[in-house]
Amino acid sequence: MTIRGKAYIAGVYEHPLREATGKTVPQLHAEVAKGALEDAGLSKNDVDAYYCAGDVPGMGGINQAEYMGLNLRQIDSTETGGSSYVVHVNHAAQAIAAGHCKVALITLAGRPRADAKEKYRVRPGGGAPADYGFEGPFRPTVTNMYGMAAMRHMYEFGTTSEQLAWVKVAASHHAQYNEHAMLRDVVSVEDVLNSPVIADPLHRLDCCVVSDGGGAIIVVAPEVAADLKRPCVKVLGAGEAPKHLNGGKVDLTYSGARWSGPAAFEEAGVTPADIKYASIYDSFTITVVETIEDLGFCEKGQGGPFVADGNLISGVGKLPFNTDGGGLCNNHPSDRGGITKVIEAVRQLRGEAHPKVQVPNCDVALAHGTGGLLGSRMGSATLIMEAPGA
Amino acid sequence: MSEQKVSKPKVKAPRVNPETSTFWEATAEGKLLVKKCNACGEKHFYPRSLCPFCFSDDTEYMECSGRGVIYSYSVTRRTSEPWAIAYVTLEEGPTMMTNLIDCDFDQLSIGQPVEVAFVDTGEGSAIPFFRPL
Ligand SMILES: [Zn+2]
């Protein structure tokens, strides 16, 4: 596949100001976005992909997407300095050619001259995102932000701490076989409930480990794969979506997996019933419960009962998950676990997981990543893969 | 579980910028503002110069009653001074992040009515905390 003739530039806009005193960086990004959309004759709600670089404040483009109220199927914050925006046109064209999006927005904005003059001076890279002043005073932490999502899920659906604990119990059953896992002891529901509450309703054992380390992935073309000795895993489909506070219409009971999951399943041509193994991002136990619902493994609100009674344990339950022990027991390198999710799914599809946790006939697997905070804004990404020779 | 009460939360002056200075100046007068869009009629929070629902730049501030209900909360307990972070859904519609103060953390519940309780930063602004009614 090539991008040749598959994508068109429909609108452009250059901001007229050369000194933007009285305006913020997020505002400037929104103003150029509005200008380019008007030039194209499109509206904000037509945009389904957003590309930006390091001049946007926040976590990649997610805070800026929230500022602009974008609902996206594709988000990319590739940073290569001044060349970033040319790279973005290429990446947007690739995504459009692949059918992953239809209307991509690319923005650049900044105010180094105004920064030098005004009291709002911000550090290079765009400074604080627009939401910062409205959240920082209230001391959000990773744990209390996931805690608020769990509290609301419990309130709406009757999810219990015992059900959340089952996620950790299942991870620990798997971690006992992983010689590199940080926590190899099998724990019980009672152990989780008896560990101290960090932030309501999450106990210490509802939280993932803090670890060093890392991982890497090699992705190749089919003709390269054909010449390699190692079994190669086929990528069937992928979906991605940021989720944010939506201008104050807040709903913490779901994650961006609500959108990234169906997109990945559609492209892969499979359904949740076809998934033999799932790597589900497990920063906290509640992350797994909400994600499993959003991916369609059960109805919304039924994640608690679904994960209970060992249903996530390989060889015991219906949905073997995180057979390396996951972030909860094995590893969460650099406080980012997405790569280990793909790695364990590849082990399963190659038949190279630990024999005690290897899923028999594992032909289709899923890996899902969640970045940021379930309690405010996050990036979600779903990947579906097929076993070598399947 | 903890029985601590918090009456005097620590406050630092917020980072103010050209888009939000009106909001923060109003807090010093005890007023809680949200933005309303004159094009689509939606209200939003945090305040932006462009409406996040329709991208119109015809937005204006409106004063809120200061009352709302707890959408969710979480008490951070593994610390010498626990605090309750929360989202409060305002009577006017938008939901905003805050802390719940002047209360017994073990008596909080989702859906509980609350009202804004500004705590002055001493730098021309006040932080909009909330307390149960
Ligand atoms: Zn509007």
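The questions below concern a predicted model, and each answer sets a value against its cut-off.

Q: Why is the site of the zinc ion called tetrahedral?
A: Four donors count as tetrahedral if all angles lie between 85 and 135 degrees. The angles among the four donor atoms here are 103 to 116°.

Q: What makes C37(B), C40(B), C51(B) and C54(B) donors of the zinc ion?
A: A donor S atom must lie within 2.8 Å of the metal. The SG atoms of these four residues lie 2.3 to 2.4 Å from the zinc ion. Therefore they count as donors. Their spacing in sequence is C-x2-C-x10-C-x2-C.

Q: Why is the pair C40(B) and C51(B) said to tie parts together?
A: C40(B) sits in the loop between β1 and β2 of chain B, and C51(B) in the loop between β2 and β3, so the pair links parts 11 residues apart in sequence.

Q: Are C40(B) and C51(B) buried or exposed?
A: Buried means under 20% relative accessible area, and exposed means over 50%. C51(B) has 0%, so C51(B) is buried. C40(B) has 36%, so C40(B) falls in between and is partly exposed.

Q: How do you know that β7(A) and β8(A) pair?
A: Pairing takes at least two bridges. β7(A) and β8(A) have four, in the parallel sense. Therefore they count as paired. Within β8(A), L366(A) is the bridge partner of A278(A).

Q: What makes β6 and β7 of chain A edge strands?
A: The open sheet runs β6-β9-β8-β7 in chain A. β6 and β7 each pair on one side only.

Key: Residues are numbered from 1 along each chain as its sequence is written. Chains are lettered from A and ligands numbered from 1 in the order in which they are written. This is a predicted model: local features need pLDDT of at least 70, side-chain atom pairs count only at pLDDT 80 or more; totals for chains, interfaces and linings use all residues. Side-chain values use heavy atoms; hydrogens and water are left out. Helices (H or I, at least four residues) and strands (E, at least two) are DSSP runs, numbered from the N terminus. Donors are N, O and S atoms within 2.8 Å of the metal (3.2 Å for Na, K and Ca); water is not among the atoms, so sites may look incomplete. Four donors count as tetrahedral if all angles lie between 85 and 135 degrees; four count as square planar and six as octahedral if opposite donors are over 155 degrees apart and all others between 65 and 115; anything else is irregular. Buried means under 20% relative accessible area, exposed over 50%, partly exposed in between (1.4 Å probe, protein chains only).
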